[in-house]
Amino acid sequence: MMLVSIVILNWNGEEYLKKFLPELVRYSDVPGTEIVVADNASTDNSIRFIEEKYPEIRIIKLDSNYGFSGGYNRAFEALESKYFLLLNSDIEVTPGWMAPLLDRMEGDETIAACTPKIKDFNNRTFFEYAGAAGGYIDKYGYPFCRGRIFDHLEEDRGQYDDAVSVFWGSGACLMVRSDLYRQAGGLDDKFFAHMEEIDLCWRLKRMGYEIYFVPQSTVYHVGGGTLPKSNPMKTFLNFRNNLLLLYKNLPPGQRRRTISIRMLLDGISAFRFLLQWSPRDFLAVFRAHVAYYGMKSYYRGMHRNKSRENKAIFAEIYPGSIVVDFFLKGKKRFEQLNQ
């Protein structure tokens with residue numbers, strides 16, 4: 001049994017593999033570690049490149065593009081490791097990046113998953129959108145990070161260099177206990193991509209475990225490697241999956257009011273897209289709501305599944321509205337929020 005399986009989910013990412021595999025191989029030298037590439041039926045030369053240049057890397061060939069969730073779930077079925085480490089193909093690791101994550105997990109069995117400091121590959125003194133210094137959500141389900149609120153990225157001045165419990169860790173780089181991953185049900189295949197790691201972390205926290213940010217580990221993320229930021233499909237998945245996230249994890253008594261307010265805020269966002277001359281994103285929001293209504297019946301009655309308690313209140317859920325704080329009160333930095 002391996003100690004750690006570092007798993008890159010690849011889909012036509014040959015250029016990223018060429019760019020970032022050398023450092024990953026060089027700096028992932030912890031004993032008992034394997035590097036695995038799970039390929040979502042790529043049509044480029046990704047597999048040939050790995051087979052020729054890195055024969056020591058294990059390849060799991062999937063027969064279709066199952067998205068982020070489905071791809072990882074199918075890959076993990078073939079692995080026997082104490083820890084799974086999800087790693088995006090567009091991540092640059094740094095010397096010693098892995099040991100602090102492993103030390104944190106080995107030192108505290110109440111921690112189900114942990115994530116490193118994630119910085120911007122192209123603007124290297126700044127945090128990166130996908131994870132920054134650990135993730136949170138507000139009471140309406142809007143995700144944000146220490147170091148990133150909406151599109152505003154902070155410069156890393158060491159202001160978040162403390163190891164803390166957070167609400168979610170980024171799927172761009174996330175170490176998780178394999179047994180708890182399976183007990184929680186893994187990533188939700190129906191999400192396909194986006195928000196799936198937040199959903200997983202929420203379920204793990206409902207099981208009584210912690211998610212940790214580990215600042216001693218740093219990686220650099222390109223971001224937008226599969227779907228660019230302005231892609232309407234990305235808009236659709238984010239809005240649909242955020243509603244599903246709330247429906248799945250909130251207690252029934254809290255669910256209706258929270259989702260009603262969230263859908264109203266989504267409507268405001270949709271019209272903001274229209275004012276920004278983004279009609280396809282405008283339509284994507286409403287398509288997301290239609291899809292949510294079509295899918296939520298699948299999750300009905302599942303709230304208690306995989307959970308030890310019907311717990312909804314966590315210190316890492318911001319009790320205010322990040323929308324109000326950011327857009328109306330001008331609070332752009334995490335440290336400005338009312339803790």
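**Close-up views of a predicted model**

**Figure 1. Ala132 in the loop between S6 and S7.** Ala132 is found in the loop that links S6 to strand S7 (135–138); strands (E, at least two residues) and helices (H or I, at least four) are DSSP runs, numbered from the N terminus. The model is predicted, so that local features need pLDDT of at least 70 and side-chain atom pairs count only at pLDDT 80 or more, whereas totals for chains, interfaces and linings use all residues. Residues are numbered from 1 along each chain as its sequence is written, and side-chain values use heavy atoms, with hydrogens and water left out. Phi of Ala132 is near 45°, a positive value in a residue other than glycine. Most residues other than glycine have a negative phi. Ala132 counts as buried because its relative accessibility is 0% (buried is under 20% relative accessible area, exposed over 50%, partly exposed in between, with a 1.4 Å probe and protein chains only).

**Figure 2. Met195 in the loop between H5 and H6.** The loop between helix H5 (178–184) and helix H6 (196–206) holds Met195. Although Met195 is not a glycine, its phi is positive, at about 75°. With 9% relative accessibility, Met195 counts as buried.

**Figure 3. Strand S13 and its pairing partners.** Strand S13 (residues 210–221) is largely enclosed by the rest of the structure, because 10 of its 12 residues are buried. Two strands pair if DSSP finds at least two bridges between them. Strand S6 (residues 111–120) runs parallel to S13 and is joined to it by nine bridges, with Ile118 having Val219 of S13 as its bridge partner. Strand S5 (residues 91–93) runs antiparallel to S13, with three bridges; here Val93 has Val219 as its bridge partner in S13. Strand S11 (residues 164–166) also pairs with S13 in the antiparallel sense, over three bridges, and Ser165 has Tyr212 as its bridge partner in S13.

**Figure 4. The contact of helices H8 and H9.** The axes of helix H8 (residues 252–275) and helix H9 (residues 279–299) come within 6 Å and cross at roughly 160°; axes are lines fitted to C-alpha atoms, for helices over the stretch in contact, and angles run from 0 to 180 degrees between N-to-C directions. H8 and H9 are therefore roughly antiparallel to each other (an angle over 145 degrees). Residues of H8, including Ile259, Met263 and Phe271, meet residues of H9, among them Phe282, Val285 and Tyr292, where contact means heavy atoms within 4.5 Å.

Terms used
Angles under 35 degrees count as roughly parallel, over 145 as roughly antiparallel, 65 to 115 as roughly perpendicular and the rest as oblique.
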